Protein chains: 2
Amino acid sequence: MIGSMGELRMTPLEGVPEVRPGDDLGALLGDALEPVGGLEEGDVLVVAQKVVSKSEGRIEETNDPLGVSLREARAVRRIRGDLVIAETEHGFVCASAGVDRSNTPGEGWVVLLPRDPDASARGIRAALARRFGAAPAVIVSDSFGRAWRQGTTDVAIGVAGLSPLLDLRGAKDTRGRELEATVIAIADELAGAAELVMGKARRVPAVRIRGYRVPPGDGSARDLVMPRERDLFP
Amino acid sequence: MIGSMGELRMTPLEGVPEVRPGDDLGALLGDALEPVGGLEEGDVLVVAQKVVSKSEGRIEETNDPLGVSLREARAVRRIRGDLVIAETEHGFVCASAGVDRSNTPGEGWVVLLPRDPDASARGIRAALARRFGAAPAVIVSDSFGRAWRQGTTDVAIGVAGLSPLLDLRGAKDTRGRELEATVIAIADELAGAAELVMGKARRVPAVRIRGYRVPPGDGSARDLVMPRERDLFP
């Protein structure tokens, strides 16, 4: 059975130092997991994109953040004033192609999305599996705006060790009727849940989620991208 | 300080019977809270729209579910085949104007959105406050699809006892720079988190979230609706 079987607990990883290019993020996260008891089989670890990007050197000093966003985009969907809604090389549609000016190494710096956030997640998963003997599902999360709704929610931009979608097609409701809303973006829900624990202004770059059995699989966050031919809001 | 101060725990409310029109949902949820220890000050309760609608008699027998969706919509944004993306009277943009054919009272029935989901949330909050002496923040949740991303996530369609948006404008990052992604849709993140515990095919119509301090306020889920003039994807 996939999902939560009872209580679900989310634990912040605290005490992670400021992450710099070349830092071994798996080791830093492992150190932060020790005081909260490490990892158990079935745990999910959600890691903020910001620290992943910094460890991978995906930062840049610039006096033209808009130019960097346009360079990082493979397509621009909308522009209004300073707001650029762009499609990234990964296929994600988000503001500024994911280029961010807060929580950077300093004034004039921007943080870019990881080049391959699934690979980032796989690397963290492998490092933690070696250390704790249990391989967590790993989600790299970022805050995205949405069409039609105010405010951002965190979503998954990279995953390892899970299928990001829970496909219930063919499953039945409590009366035996086939379910309608049949594909659930559980990786996005896990990322959003973790954001509640991370906050924005505190230094909590990762959250351990215990009690949720993920859909098994070797999925990619690109599975979460709506295929062009089904996109009604290009 | 708003947000999570440590571990965040989500507890499913089980044993709620099939809800019928006229049922006292506050009493049913209160009964389901008893075995898990009731409520404490600061708890958040996420309640699935489906049981709210049923208790309010927002169900209908029809051989024309599409017609019901069009009647419930105040505007149609897109149609492709069976898929209607519509704007509800509340301003929410979602498939079928929220009209749902699964987990209904039976074949040929549909469940509609509550007429005033904020009022539904306020009613549940008041009933539980009387019973437990602590007024929870209440969120009524539903599964919505998204532009550009596959799969649904649960979002807030009604709230009571909280501001659904956490506004960080003016707040500083760990280096003292003003934060960029400054408004977080925490009610949507709470709703999505609760979905992980509810599942779809089980009878878990509500989840208690403990350990998250909500932004105080007397907000409405309509605060989550992007105003028309800022909507880049009409």
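Reply:
**From one residue pair to the sheet**

A:Val140 stands opposite A:Gly158, which belongs to strand 9 of chain A. The pair is part of an antiparallel arrangement in which strand 8 (residues 137-144) of chain A and strand 9 of chain A are joined by seven bridges. The model is a predicted one. Chain A has an average pLDDT of 94, and 96% of its residues score at least 70. For the complex, the predictor gives an ipTM of 0.96 and a pTM of 0.96.

The two strands belong to an open sheet of 10 strands with mixed pairing, in the order 9(A)-8(A)-2(A)-12(A)-1(A)-1(B)-12(B)-2(B)-8(B)-9(B). Strand 9 (153-160) of chain A and strand 9 (153-160) of chain B stand at its edges; each has a single partner strand, so one side of each lacks a neighbour in the sheet. On average, neighbouring strands of this sheet are turned by 25° against each other, direction ignored.

Chain B can be laid on chain A by a turn of 180° with a shift of 0.0 Å along the axis, giving an RMSD of 0.0 Å. The two copies are thus related as by a two-fold rotation axis. Both copies use the same surface, since 100% of the contact residues of chain B recur in chain A.

Within chain B, the pairing can be followed through strand 12 (residues 206-213). Strand 1 (residues 3-13) of chain B runs antiparallel to strand 12 of chain B and is joined to it by seven bridges. One pair links B:Gly3 with its bridge partner B:Arg213 in strand 12 of chain B. Strand 2 (residues 44-48) of chain B is also antiparallel to strand 12 of chain B, with four bridges between them. There, B:Val47 has B:Ala206 as its bridge partner.

In chain A, helix 4 (residues 117-132) lies across strand 2 (44-48), strand 8 and strand 9, and runs at about 70° to strand 9 of chain A. In chain B, helix 4 (residues 117-132) has 16 residues, which should span 22 Å at 1.5 Å a residue; its end C-alpha atoms are 22 Å apart, in agreement with that value. The buried residues of helix 4 of chain B are B:Pro117, B:Asp118, B:Ser120, B:Ala121, B:Gly123, B:Ile124, B:Arg125 and B:Leu128. Their cover includes helix 1 (25-33), strand 2, helix 2 (49-55), strand 8 (137-144) and strand 9 of chain B. Just after helix 4 of chain B comes B:Gly133, with a positive phi of about 75°.

Helix 5 (residues 186-198) of chain B has 13 residues and reaches 18 Å from its first C-alpha to its last, close to the 18 Å expected at 1.5 Å a residue. Helix 5 of chain B is mostly covered, with 13 of its 13 residues buried. Just after this helix, B:Gly199 takes a positive phi of about 65°.

A further sheet occurs in chain B. This open sheet of three strands has the order 4-5-6 and antiparallel pairing. Strand 4 (73-80) and strand 6 (93-95) of chain B are its edges, each with a single partner strand, so one side of each is left without a neighbour in the sheet. Its neighbouring strands are turned by 25° against each other on average, direction ignored. Strand 5 (residues 83-88) of chain B pairs with strand 6 of chain B in the antiparallel sense over three bridges, and B:Ala86 stands opposite B:Cys94 in strand 6 of chain B.

The loop between strand 6 and strand 7 (109-111) of chain B contains B:Ser96, which has a positive phi of about 55° although it is not a glycine. B:Ala97 is found in the loop between strand 6 and strand 7 of chain B, and its phi, near 50°, is likewise positive in a residue other than glycine. Most residues other than glycine have a negative phi. B:Ser96 is buried, with 24 other C-beta atoms within 10 Å, and B:Ala97 is buried, with 25 other C-beta atoms within 10 Å.

B:Thr182 lies in the loop between strand 10 (166-167) and strand 11 (183-184) of chain B. With 18 C-beta neighbours inside 10 Å, B:Thr182 counts as partly exposed. Leaving aside residues up to four places away in sequence, B:Thr182 touches B:Asp167, B:Leu168 and B:Arg169. The C-alpha atoms of B:Thr182 and B:Arg169 are separated by 5.2 Å, although the two residues are 13 residues apart along the chain.

Methods: Residues are numbered from 1 along each chain as its sequence is written. Chains are lettered from A and ligands numbered from 1 in the order in which they are written. This is a predicted model: local features need pLDDT of at least 70, side-chain atom pairs count only at pLDDT 80 or more; totals for chains, interfaces and linings use all residues. Copies are superposed by least squares on the C-alpha atoms of residues with pLDDT of at least 70 in both. Two residues are in contact if their C-beta atoms, placed from the backbone, lie within 7 Å. pLDDT is the predictor's confidence in each residue, from 0 to 100. Two strands pair if DSSP finds at least two bridges between them. Axes are lines fitted to C-alpha atoms, for helices over the stretch in contact, and angles run from 0 to 180 degrees between N-to-C directions. The expected span of a helix is 1.5 Å times one less than its number of residues. A residue is buried if 20 or more other C-beta atoms lie within 10 Å of its own, exposed if 12 or fewer, and partly exposed in between; C-beta atoms are placed from the backbone.
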